Amino acid sequence: MASPVSSCPETEIQIEIASSPPRSHNLRPAVSAIDASSAAATTSTSANPHSNHNTYCDVFINHRGPDVKKTLASHLYHRLLLHGIRVFLDRPESQEGGNFSSELEAAIRTASVLVAIFSRTYAASTSCLNELLLMLESKGTIIPVFYGVKPEDLRLTQSKDGVCAQALRNLEIKQTGEGKPRYDSTTIKKWREALCRVAETSGFDLDAYNGDEGELLHHVVECVLEKLEKPIFKVAKYPTGLEEKVKDFENKVLLQQQQSRKLQIVGIVGLGGVAKTTLAKEIFNRKRSDYSESYFLCDVRENANKGSLHYLQRELLNGLVDFDIHIGSVYEGIQILKKNLSSSNALIVLDDVDQTNQLDAFLPVQSVLRSDSLILITSRDRNVLTDSGVQNTAIYKLTGVDAQQSQELFCLHAFSQPYPHPGFGYLVDKFIKACHGLPLSLKVFGALLNGNKVLPYWEALLNRLEQILPSDIRMRLKISFDALNQDEQNIFLDIACFFIGEERDMAIRIWDGSGWKGSLGFEHLHERCLVEVIENKIRMHEQLRDMGREIAEASQLPRRIWHWTQNIEIGEASGLARRIWRWTENINDLLEQFSYATTDVRGIRALGVDNPDSDDKSSQISCYESWSHQLLRHCVRKLRHNTPYRGIATKKLQLLDSKGDLAERFLRKVRLPNLIWLRWNKCPCFSLPSWIPMKNLRVLEVRGRNLKSLWQSGYQGNTILAI
């Protein structure tokens with residue numbers, strides 16, 4: 001029997017293959033919390049996030065005012081506001097013994113996350129205890145924070161000792177004016193059970209951070225951001241100088257544009273590595289709740305090169321109004337966007353734009369959006385924005401951080417504190433001067449030196465940095481690449497060339513299959529600030545990405561060859577592979593480059609057909625098909641020429657990302673015994689063919705309109721599949 005596949009316009013099968021259950025590759029353990037309901041609360045997206053008088057909120061903070069109102073609770077409240085989160089922080093002590101206000105009750109019932117701060121006099125407050133009861137009945141996730149108390153204090157409320165036990169005994173003996181108990185035994189029992197229930201949940205304990213309230217706050221904020229129903233961007237581990245940049249941007253650009261009472265199209269321009277995307281994310285986090293729809297379109301330049309602009313239009317539409325539809329061309333995409341966004345109050349961020357045709361695919365929606373909408377664009381090139389009609393007065397030029405902020409940012413990454421260790425002050429000053437206030441450089445070099453207290457090593461690294469021109473940012477960043485071991489370098493280059501935007505766990509499985517200790521290597525890159533993870537997808541700063549591709553291009557044979565939109569990639573499993581980065585339609589030139597390649601090939605990618613220099617779609621497709629088929633035939637001839645036995649096989653090829661009949665031809669003609677990743681888009685088959693090399697596959701991704709079953713009838717694989 002064939003395995004059934006659900007019928008849809010384009011069936012997609014994603015399979016992870018393993019000989020044992022898949023392993024988790026989390027970089028840090030998750031903090032468990034009480035989930036009071038399987039469904040998250042629905043909250044309004046138009047409320048003012050800075051208002052405390054809002055019946056809908058994202059986060060509710062349950063606390064005892066005299067203990068933490070001016071310390072942890074206040075700091076948590078304002079930190080979450082900076083992320084654009086609607087927070088409710090009330091004064092429970094003002095309502096002692098009374099009923100809930102409708103405002104407070106609505107806030108608890110609608111919050112997605114409820115933070116309960118347990119302090120020494122918490123259990124003495126009936127308002128705190130009643131709020132806790134309502135929180136346990138609500139749909140939100142409760143995060144307990146133990147501030148000066150232990151979970152045992154909440155758990156052992158029947159004992160003689162403990163602050164909570166004593167507080168509840170005091171409540172038991174309280175009487176009314178008539179000499180009757182103020183609180184009945186049933187209520188006392190409910191309070192005890194509520195405290196005990198929360199105590200059984202892992203949370204955050206101030207003592208676990210050696211009394212460092214700042215460190216406690218950092219981890220609580222991270223946990224809240226993870227638990228929130230709507231994704232929030234993690235902007236920066238250390239947002240040094242960011243607040244000043246946001247205020248400067250608002251004063252110089254946003255306020256002026258708001259006075260015009262027209263739809264705002266604004267830009268942020270600056271050098272690569274100056275933190276344009278970081279500033280855009282921070283603005284998005286703060287402003288998103290002011291709009292009915294909002295979406296941040298990441299890495300426009302990279303994704304436009306890898307695929308097509310109409311795919312990005314489809315992503316934007318789906319992100320804004322949760323409507324997924326096939327878009328066949330950029331023109332069709334513009335019409336669909338206009339139709340579905342008519343009269344919308346939207347916040348749209350287009351990040352890292354480098355061509356006017358990219359803006360041409362999105363900016364026409366301004367004619368149908370409401371006048372209070374905002375479109376924010378980031379780019380290295382001011383001319384791209386002005387040529388697309390953005391006014392010079394609406395463009396903000398972002399510069400680096402000042403000397404004091406540079407020291408703080410560098411030291412936070414190098415020493416985990418905002419000032420240098422004794423004896424390192426003069427070297428820190430020199431590094432700061434050499435980095436010229438560029439946040440990316442300060443972060444990467446600080447992380448590179450983290451934990452290293454050998455002064456000669458610092459001096460040698462500084463000497464190498466000072467010998468490179470300040471304008472050559474990528475050569476400066478290459479110093480951090482050279483400090484990696486070879487497995488980590490291979491993982492770095494794989495990310496730069498193949499895995500940006502891919503699932504982290506999938507990539508780690510592939511690297512494990514290559515024998516590179518994927519989880520450990522990736523974590524080291526993450527610690528060095530060379531990669532980041534957003535919603536489990538791998539991200540890399542464009543300067544680091546371009547540096548990695550330049551390294552691959554400059555390294556020794558075999559080569560990686562790309563055509564037009566970076567269609568073909570070839571690289572070796574060991575050593576640093578070569579990559580050719582240039583537009584060309586000259587098949588002979590490409591075949592000449594490829595003629596050096598032998599069977600020592602790590603990966604091949606054959607993707608889109610869009611030529612950025614051509615408007616003739618049929619010409620693009622015809623030329624691409626002719627080019628790719630010639631290259632395939634040349635590849636097969638080279639493999640045959642270099643194979644001493646009959647048949648074609650390459651043991652080094654481990655990654656294949658292709659589409660349509662081109663992938664089928666390659667899979668039929670070339671034996672790939674060590675293939676560990678196969679992505680096959682537009683698969684023409686009705687079921688997965690038996691000749692797919694399954695023996696060592698770790699990840700199989702297949703998409704196709706014709707797919708109706710998993711395997712052909714009668715085929716039985718001996719591989720365990722985790723689907």
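**Entry 1**

I started at helix H10, which lies across E8, E9, strand E10 (346–350), E11 and E12 and runs at about 165° to E9. I took "lies across" from contacts, meaning heavy atoms within 4.5 Å. The angles are between N-to-C directions, from 0 to 180 degrees, with axes fitted to C-alpha atoms, for helices over the stretch in contact. Helices (H or I, at least four residues) and strands (E, at least two) are DSSP runs numbered from the N terminus.

I noted that this is a predicted model, where local features need pLDDT of at least 70, side-chain atom pairs need pLDDT 80 or more, and totals for chains, interfaces and linings use all residues. Residues are numbered from 1 along each chain as its sequence is written, and side-chain values use heavy atoms, without hydrogens and water.

In which order do the five strands of the open sheet stand? I read E9-E10-E11-E8-E12, with parallel pairing. Two strands pair if DSSP finds at least two bridges between them. The edges are strand E9 (293–297) and strand E12 (395–397), each pairing on one side only. Neighbouring strands here are turned by 10° against each other on average, direction ignored.

I then looked at one pair in this sheet. Strand E8 (residues 264–269) and strand E11 (residues 374–379) run parallel and are joined by six bridges. Val266 has Leu376 in E11 as its bridge partner. Helix H9 lies across E8, E11 and E12, at about 150° to E8.

I counted a salt bridge when a side-chain nitrogen of Lys or Arg is within 4 Å of a carboxyl oxygen of Asp or Glu. Side chains of opposite charge can pair when their charged atoms come close. The structure holds 31 such bridges.

Lys247 bridges to Glu243, with the closest N and O atoms 3.9 Å apart. The two residues are four apart in helix H9 (residues 242–259), so about one helical turn separates them. For exposure I used relative accessible area: buried is under 20%, exposed is over 50%, and partly exposed is in between (1.4 Å probe, protein chains only). Lys247 is partly exposed at 46%. Glu243 is also partly exposed, at 25%.

What else does Glu243 meet in a salt bridge? I found Arg286, at 2.5 Å from N to O. This pair links distant parts of the chain, since Glu243 sits in H9 and Arg286 in helix H10 (residues 276–287), 43 residues apart. Is Arg286 buried or exposed? Arg286 counts as buried, at 12% relative accessibility.

**Entry 1: other salt bridges**

I checked Asp657 next. Its side chain meets that of Arg679 in a salt bridge of 3.5 Å, N to O. Asp657 lies in strand E18 (residues 655–659) and Arg679 in strand E19 (residues 677–681), so the pair ties together parts 22 residues apart in sequence. Asp657 is buried at 1%. Arg679 is buried at 9%.

I also listed a network of salt bridges. It links Arg301, Glu302, Asp352, Arg380, Arg474, Arg545, Asp546, Arg549 and Glu550.

How many residues of strand E5 (residues 113–118) are buried? I read six of six, so E5 is mostly covered. In a regular strand the side chains alternate between the two faces of the sheet. In E5, Val113, Val115 and Ile117 are buried on one side, and Leu114, Ala116 and Phe118 are buried on the other.

Strand E3 (residues 59–62) pairs with E5 in the parallel sense over four bridges. Ile61 stands opposite Val115. Strand E6 (residues 141–146) also runs parallel to E5, joined by six bridges. The chain passes from E5 through H4 to E6 in a right-handed β-α-β crossover. Right-handed means that, with the strands pointing away from the viewer, the path from the first strand over the helix to the second runs clockwise.

**Entry 2: helix H6 and whole-chain totals**

In helix H6 (residues 163–173) I found Val163, Cys164, Ala165, Ala167, Leu168 and Leu171 buried. These residues pack against helix H4 (126–137), helix H5 (151–155) and helix H7 (185–199).

I closed with totals. The chain has 27 helices and 21 strands. Of its 723 residues, 54% count as buried. Among contacts with a separation of 6 or more, 71% join residues 24 or more positions apart.
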